[in-house]
Amino acid sequence: MSDIIHLLPDSVANQIAAGEVIQRPASCLKELVENSLDAGATHIRILVKDGGRTLLQVIDNGKGMSPTDARMAFERHATSKITQASDLFQLRTMGFRGEALASICAVAHVEVLTRRPEDEIGTHLEIAGSTVTNQEPAQCPIGTNIRVKSLFYNVPARRKFLKTDQTEMRNILAEYHRIVLVNPQVQFTLVNNDEIVSELPASSTKQRIEAIFGHTSKLFTTQIVDILANTELVNIYGFVGKPEMATKNSQQYFFVNGRYMRHPYFHKAVLTAYSGLLSPDHNPSYFIYFDIQPDAIDVNIHPTKTEIKFADEQAVFQILLAAVREALGKFNISPSLDFTSETHLEIPQIPPSAPIAMPRLQVDPSYNPFKSSSSHRAPSTAQWETLYTQPVTHPLPEEEHVLFHFPEIDESVQIMQWQNKYIIVPTTQGLMMVHPHRAHTAILYKELLAQLSQHKGASQQLLFPEVIDLSTEDLHTLQALQDDLSSIGFGLDQFSPNAYTITAVPMQLGQVNPCETLLQVIHQVQDTGSTATQQWHEAMAFALADKMAIPTGKMLHDAEMRDLLKRLNENHPAQYLSNGQTIFTILTPDEIQKRF
Ligand code: ADP
Ligand code: MG
């Protein structure tokens with residue numbers, strides 16, 4: 001028998017690699033813009049047509065390529081950025097794999113126009129399906145101009161997998177934000193279907209944040225405070241939102257050495273710094289930048305993954321926690337600062353006689369965020385400073401491991417509500433405590449998910465339709481969600497390019513503010529960072545359920561409590577909500593016994 005193993009042709013190998021690197025227009029754009037940044041561009045223009053499927057074009061004024069390099073750039077593993085494995089640990093560039101251009105040209109028609117400053121004349125190159133079809137000298141400005149046309153033209157499965165143009169555009173915008181927020185010194189222009197969507201001049205980090213998110217809330221830059229920690233291990237700087245802005249648009253960004261990253265563990269550090277300052281369902285906004293020796297992190301995990309490993313995560317966690325705490329503490333003593341400049345030195349000293357405004361925060365001084373995630377937070381504003389003077393060497397929070405099934409409830413048993421909050425129920429398993437808001441959220445969540453998949457949510461017409469103004473990103477999300485929103489009972493009409501009229505809301509929403517609810521739904525979907533329908537449905541159902549559920553702190557009648565428990569029982573609930581919050585817990589006979 002003859003041998004059956006052979007090497008794949010480059011075009012096939014590249015197409016396989018493309019599946020990894022280029023999943024959708026947004027990932028293609030990311031690679032192109034990162035190349036422009038690596039080339040030292042100070043102005044980057046991005047043109048998008050039809051959500052990127054027809055055209056993605058990136059024009060930069062970077063260092064350009066020679067005619068030979070321009071050809072080479074599209075070969076697999078062709079890179080100018082590293083030459084040996086050890087370079088991987090000294091990376092200061094965004095790219096290094098030499099995979100992106102090879103992958104892109106395997107699944108699209110690509111055209112390049114590029115010139116180096118030292119060359120009189122540039123080069124024009126056309127590539128389709130990994131093959132150079134044409135190269136000729138061409139007049140062009142210094143820099144590189146890449147057009148990627150008909151993405152996935154030869155991969156029908158991928159093309160089918162793409163979502164609506166609006167959704168793809170929303171992904172592009174999200175990717176754009178991740179890039180521009182960490183490159184404020186670079187000027188960016190984004191054009192979608194011949195319309196300028198974003199025009200960002202070179203600026204400071206704070207101005208850049210304002211330029212992007214300022215229109216969602218006019219007060220935005222007065223709502224964030226700067227954080228700063230310079231240590232031998234890591235330098236951390238950036239901005240965190242004041243606790244009171246936590247309800248609105250929660251924007252959470254981490255960057256390390258110029259690249260966006262997700263880091264659930266560091267996210268926990270930020271949340272820990274806020275603990276006791278936010279109501280449980282509110283999220284803080286943050287823009288936090290880490291600078292660290294390249295050899296102290298590992299970015300070589302996966303071409304598209306945004307998780308980054310730090311050598312000393314525990315230490316960075318503690319530094320971050322301390323930095324955020326300090327920033328929040330500073331804001332507490334000087335609540336009305338004008339944060340239009342970035343320097344710390346300008347924080348005015350408050351004279352001792354000046355009245356110190358107490359923050360509108362609810363803090364329990366005895367609350368220990370490290371003890372248990374389900375511990376009770378009694379509202380109190382006394383001794384709130386103690387939160388910030390504690391040393392930050394606590395052990396990390398311990399997870400609870402005991403899981404309970406929802407117990408049988410004897411109908412004749414006496415039940416009560418304690419502190420207008422927990423429902424206390426004796427059961428055979430022990431003394432059960434139920435959180436009414438979360439229990440109701442869990443019930444509504446299931447109902448809403450079913451309505452979303454069956455398209456049959458009941459609707460209630462608004463007597464006075466409300467107009468909602470939307471940011472570009474929110475607008476794109478809303479458009480992508482429009483069908484789902486109408487399946488659960490929202491009635492929406494476009495009012496102007498940036499505004500919609502809400503004519504109807506889901507039946508169970510009652511008197512809850514329609515605009516706020518819709519925004520929460522939109523933001524919760526954006527926070528998933530996903531484009532999978534199921535994840536969207538879950539995010540929408542959760543945001544809505546949370547709004548519709550019995551408010552925390554509401555006194556309940558016996559019949560209401562029993563009804564809630566009955567519905568909960570029918571629902572076979574898990575002990576926790578999907579965001580980790582405890583719905584019910586049980587004090588077992590053993591635990592009670594131990595106390596005597
Ligand atoms: P990588 O960025 O990992 O090196 P790419 O496939 O993205 O791999 O790019 C290959 C090479 O092409 C880069 O190393 C760089 O030398 C060159 N290149 C790509 N885009 C540009 C650009 N916009 N300006 C100048 N050079 C570029
Ligand atoms: Mg690259």
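## A walk along strand β7 and beyond

Start with residues 187-192 and 195-200: these are strands β7 and β8, and they pair in the antiparallel sense over 5 bridges. Keep in mind as you click around that this is a predicted model.

**Stop 1: the turn between β7 and β8.** Leave both strands selected. They make a hairpin with 2 residues between them. Now pick asparagine 193, which sits in the loop between β7 and β8. Its phi is near 45°, a positive value in a residue other than glycine. Is asparagine 193 buried or exposed, or something in between? With a relative accessible area of 38%, asparagine 193 is partly exposed.

**Stop 2: the other side of β7.** Want to see which residues face each other?

- Histidine 43 stands opposite glutamine 187 in β7.
- Arginine 45 stands opposite threonine 189 in β7.
- Threonine 189 stands opposite glutamate 199 in β8.

So how well covered is β7? Of its 6 residues, 5 are buried, which makes the strand mostly covered.

Stop 3: Time to zoom out. How many strands form this open sheet? There are 8, and if you walk across them the order is β5-β4-β3-β6-β2-β1-β7-β8, with mixed pairing. The edge strands are β5 and β8, each of which pairs on one side only. Ignoring direction, neighbouring strands here are turned by 10° against each other on average. If you're wondering what links strands like these, strands of a sheet pair through backbone hydrogen bonds, either parallel or antiparallel.

Next, show residues 25-38. That's helix α2, and it packs on the sheet, touching β1, β2 (55-60), β6 (143-149) and β7. The direction of α2 makes about 10° with that of β2.

**Stop 4: another positive phi.** Hop over to serine 130, in the loop between β4 (122-128) and β5 (131-138). Serine 130 has a positive phi of about 70°, although it is not a glycine. Its relative accessibility is 24%, so serine 130 counts as partly exposed.

**Stop 5: two helices crossing.** Select residues 165-180 (helix α6) and 472-487 (helix α12). Their axes come within 8 Å and cross at roughly 150°. Angles over 145 degrees count as roughly antiparallel, and α6 and α12 are therefore roughly antiparallel to each other. The crossing is left-handed.

From α6 you'll find Gln166, Thr167, Met169, Arg170, Leu173, Ala174 and His177. They meet Thr472, Glu473, His476, Thr477, Gln479 and Ala480 in α12. Sorted by class, this contact has 4 nonpolar, 7 polar and 2 charged residues.

**Last stop: asparagine 171.** Stay on helix α6, where asparagine 171 is found. Is asparagine 171 buried or exposed? Its relative accessibility is 14%, so it counts as buried. Which residues is it in contact with, leaving aside neighbours within four places in sequence? Show Arg24, Ala26 and Thr531, and you have the contacts of asparagine 171 beyond those neighbours.

Note on methods
Residues numbered from 1 in each chain as written. Chains lettered and ligands numbered in written order. Predicted model: local features only at pLDDT ≥ 70, side-chain atom pairs only at ≥ 80, totals over all residues. Heavy atoms only, no water. Buried < 20%, exposed > 50% of the residue type's maximum accessible area, 1.4 Å probe, protein only. Helix = DSSP H or I, 4+ residues; strand = E, 2+ residues; numbered from the N terminus. Pairing = 2+ DSSP bridges. Axes fitted to C-alpha atoms, helices over the stretch in contact; angles between N-to-C directions. Parallel < 35°, antiparallel > 145°, perpendicular 65-115°, else oblique. Left-handed = near helix turned anticlockwise from the far one by under 90°. Contact = heavy atoms within 4.5 Å. Nonpolar A, V, L, I, M, F, W, Y, C, P; charged D, E, K, R; others polar.
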